[in-house]
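Keep the structure open as you read.

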Amino acid sequence: MADFDWLFFMEVLVGGLLSGVMYSLVAIGFVLIYKTSGVLNFAQGAMLLFAALTFVSVTERGISFPLAFAITFAIMVVIGIAVERTVLRPLTNKPPITLFMATLGLSYIIEGAAQLIWGTQVHGLDLGIEDVPFDVGGVYISQFDIFAAVVAASMVLLLSVFFRYTRIGLGFRAVADDQFAALAVGLRLPWIWATVWATAGLVALVAGLLWGARAGVQFSLSLIVLKALPVLVLGGFDSILGAILGGLLIGASEKLAEVYIGGYFGGGIEGWFAYVIALAFLLVRPSGLFGQKLVERV
């Protein structure tokens, strides 16, 4: 232990935690939909891709960043509301597998539409933040990772405040707890569902910009959604707090595993180690750290 490089350990750990914040942002898009409608929205990755492609394609035509963001946000709101009204609302009270297959098919439709509209070429996305190391007490941290984590954390904080203290947010929480009780007190479920889908579109836009700036705006960007699944398993599919903590745990564990035990497996375990953790966690606590248990023991 005397030869252990603690500064390097902290560098790897902090890098993993910063990546985990971005995983959490993607996972929250799932949680928002699942809490109100019970749908595991597998199209969230396609929405993320479409948002990033739309934004970068608009900016390449000379439109300023704020206006491009507003235009893309408006488009994502329209897509979210259209999906809720034309696809999911007619499938209300259908079996979960039917809803899951609907969102899976929807993801391919959105990806196909993105390819038809914007083409298949890879786009670069520059947010004005250089990806260079920043020295913090001897620990080198990427400036872009810090920026992305701050943006993601701010987004999570704003969503938490919105759903806790606003009228719509209180309605959202009521629907998440009991849809029938929410109907009984006069809440308009279609309006709340539409708002939640619009919010999910905003989350997809912000996550798409951050991941697009890091990895380039390309069609593999939709696979980022797969990184959110272990996060949801750990934190719980219906918990925003669980998505945050699950993202931090997954981000830190996969980075540390790659550096310290990856050599024993020939390297490259970062891509699948999170699923090993998720599978082991499912065997112990299927509902996740903060997920609602479906069956209570007597």
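## A charged pair at K255

Let's begin with K255, which is partly exposed because its relative accessible area is 24%. Please bear in mind that this is a predicted model. The partner of K255 is E270: their side chains form a salt bridge, with 2.9 Å from N to O. K255 belongs to helix α10 and E270 to helix α11 (residues 270–284), so the pair links distant parts of the chain, 15 residues apart. E270 is partly exposed too, with a relative accessible area of 23%.

## The other salt bridges

How many salt bridges does a search of the whole structure find? The search turns up three. Side chains of opposite charge can pair when their charged atoms come close.

E254 is buried, with a relative accessible area of 0%. K227 also counts as buried, because its relative accessibility is 17% and the cut-off for buried is under 20%.

## Helix α9 and its surroundings

α9 has 12 residues and spans 17 Å from its first C-alpha to its last, close to the 16 Å expected at 1.5 Å a residue. Just after α9, G236 adopts a positive phi of about 110°.

How many of the 12 residues in α9 are buried? The helix is mostly covered, with 10 of the 12 buried. Among them are K227, P230 and G235, along with I224, V225 and A228. The elements that cover the buried residues of α9 include α1, α2, α8, α10 and α11.

## The nonpolar core and W211

The largest nonpolar core holds 73 residues, and L25, L32 and W211 touch the most other members.

Which residues does W211 contact, leaving aside neighbours within four places in sequence? They are M22, Y23, V26, G216, L221 and I224. I224 is also one of the buried residues of α9.

## A buried asparagine in a loop

Finally, take a look at N41, found in the loop between α1 (6–37) and α2 (44–59). Is N41 buried or exposed? N41 counts as buried because its relative accessibility is 0%.

The side chain of N41 makes a polar contact with the side chain of Q44, at 3.2 Å. Not counting residues up to four places away in sequence, N41 also touches F30, I33, M47, T103 and W197.

Conventions: Residues are numbered from 1 along each chain as its sequence is written. This is a predicted model: local features need pLDDT of at least 70, side-chain atom pairs count only at pLDDT 80 or more; totals for chains, interfaces and linings use all residues. Side-chain values use heavy atoms; hydrogens and water are left out. A nonpolar core is a set of buried Ala, Val, Leu, Ile, Met, Phe, Trp, Tyr and Cys residues joined through side-chain atoms within 4.5 Å. Buried means under 20% relative accessible area, exposed over 50%, partly exposed in between (1.4 Å probe, protein chains only). Contact means heavy atoms within 4.5 Å. Helices (H or I, at least four residues) and strands (E, at least two) are DSSP runs, numbered from the N terminus. A polar contact is a pair of N or O atoms within 3.5 Å; within protein, one must be able to donate a hydrogen and the other to accept it, and residues adjacent in sequence count only if both atoms are side-chain atoms. A salt bridge is a side-chain nitrogen of Lys or Arg within 4 Å of a carboxyl oxygen of Asp or Glu. The expected span of a helix is 1.5 Å times one less than its number of residues.
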